[in-house]
Amino acid sequence: MSSTFRKLLSPTNKSRVVELLKGNSDRIIGGRRRQAAVLVPMFIPVGQESPELLFTLRSNTLSQHKGQVSFPGGIAEQGDASLVATALRETKEELGINPEQFSVWGCLPAMPDRKGEANIVPVLASLEEFNLSDLNVNKDEVEQVFHLSFEHLSSPHNQSYTLFSNPYKWRYPVFLGGPVRIWGLTGFILDVVLSTMLPSELNYSLICAGGR
């Protein structure tokens with residue numbers, strides 16, 4: 001494994017990413033579209049050196065987005081102080097991880113859902129000294145939890161895309177080689193996460209912008 005990947009959660013890279021994201025807002029604002037947030041959990045499994053990302057597969061019993069790969073998250077509620085608070089609350093509900101266990105790096109720009117009904121803000125956050133056995137998965141919401149390394153996800157061998165025309169042509173990033181295919185909105189978010197987290201020497205280009 002490249003030493004560059006080992007350093008992705010280092011204080012130096014964190015400072016670079018925090019500076020990059022500091023202009024993005026986590027405010028909950030009114031409007032036609034609902035406001036939502038997802039947490040992008042980054043961690044190094046106990047006994048390993050490679051930073052990884054945590055994903056969920058939504059339960060098949062849910063009324064919306066059932067069976068889809070996702071990051072933990074959901075719609076902002078009245079008691080949420082911010083979209084960061086929304087993401088942390090939803091992660092606690094889905095995976096049993098307490099908010100204070102996370103170090104929040106910042107928010108990525110908001111992205112619309114497929115139907116244009118909600119704006120989703122991805123929140124980058126890292127876990128310290130995290131053991132996967134500590135998860136308390138809510139089976140009513142989550143069918144499966146899995147994790148993949150940044151190195152695996154950034155490899156061109158594990159990447160593809162799908163072209164859609166409706167009426168404009170869109171490149172939908174697709175990530176392969178894991179327990180399930182990562183695509184849709186989660187694929188878009190992951191594409192932007194990799195572009196944000198990986199330093200310039202790794203030469204990552206956005207798939208959705210034609211980089212693969």
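**The largest nonpolar core**

Guide: In this predicted model, the largest nonpolar core has 33 residues, and F55 and F150 are the ones that touch the most other members. The elements that give two or more residues to this core are α2 (11-21), β1, β2, β7, β8, α4 (150-154) and α5. Of these, α5 gives the most, with five residues. As a general background, nonpolar side chains in soluble globular proteins tend to be buried together.

Helix α5 covers residues 184-197, 14 residues in total, and reaches 20 Å from its first C-alpha to its last, close to the 20 Å expected at 1.5 Å a residue. The helix is mostly covered, with 11 of its 14 residues buried. Among the buried residues of α5 are F188, I189, L190, V193, L194 and M197; G184, T186, G187, D191 and T196 are buried as well.

Helix α4 also gives two or more residues to the core. L153 lies in helix α4. With a relative accessibility of 1%, L153 counts as buried, because the cut-off for that class is under 20%. L153 and L194 are 41 residues apart in sequence, while their C-alpha atoms are 8.1 Å apart in space. L194 is itself one of the buried residues of α5.

Next come the strands. Strand β1 (residues 34-43) is mostly covered, and nine of its 10 residues are buried. β1 runs parallel to strand β7 (residues 118-127), and nine bridges join the two. β1 also pairs with strand β4 (residues 73-75), in the antiparallel sense and over three bridges. V38 takes part in both pairings: its bridge partner in β7 is P122, and its bridge partner in β4 is G73. A further pairing of β1, again antiparallel, is with strand β2 (residues 52-58) over two bridges. In that pairing F43 has E52 as its bridge partner, and M42 stands opposite L53.

β2 continues the picture. Six of the seven residues of β2 are buried, so this strand is largely enclosed by the rest of the structure. Seven bridges join β2 to strand β8 (residues 142-149), and the two run antiparallel; here L54 stands opposite H147. β2 is also joined to strand β3 (residues 69-70) by two bridges, likewise in the antiparallel sense, with V69 in β3 as the bridge partner of L57. In a regular strand the side chains alternate between the two faces of the sheet.

Notes
Residues are numbered from 1 along each chain as its sequence is written. This is a predicted model: local features need pLDDT of at least 70, side-chain atom pairs count only at pLDDT 80 or more; totals for chains, interfaces and linings use all residues. Side-chain values use heavy atoms; hydrogens and water are left out. Helices (H or I, at least four residues) and strands (E, at least two) are DSSP runs, numbered from the N terminus. The expected span of a helix is 1.5 Å times one less than its number of residues. Buried means under 20% relative accessible area, exposed over 50%, partly exposed in between (1.4 Å probe, protein chains only). Two strands pair if DSSP finds at least two bridges between them. A nonpolar core is a set of buried Ala, Val, Leu, Ile, Met, Phe, Trp, Tyr and Cys residues joined through side-chain atoms within 4.5 Å.
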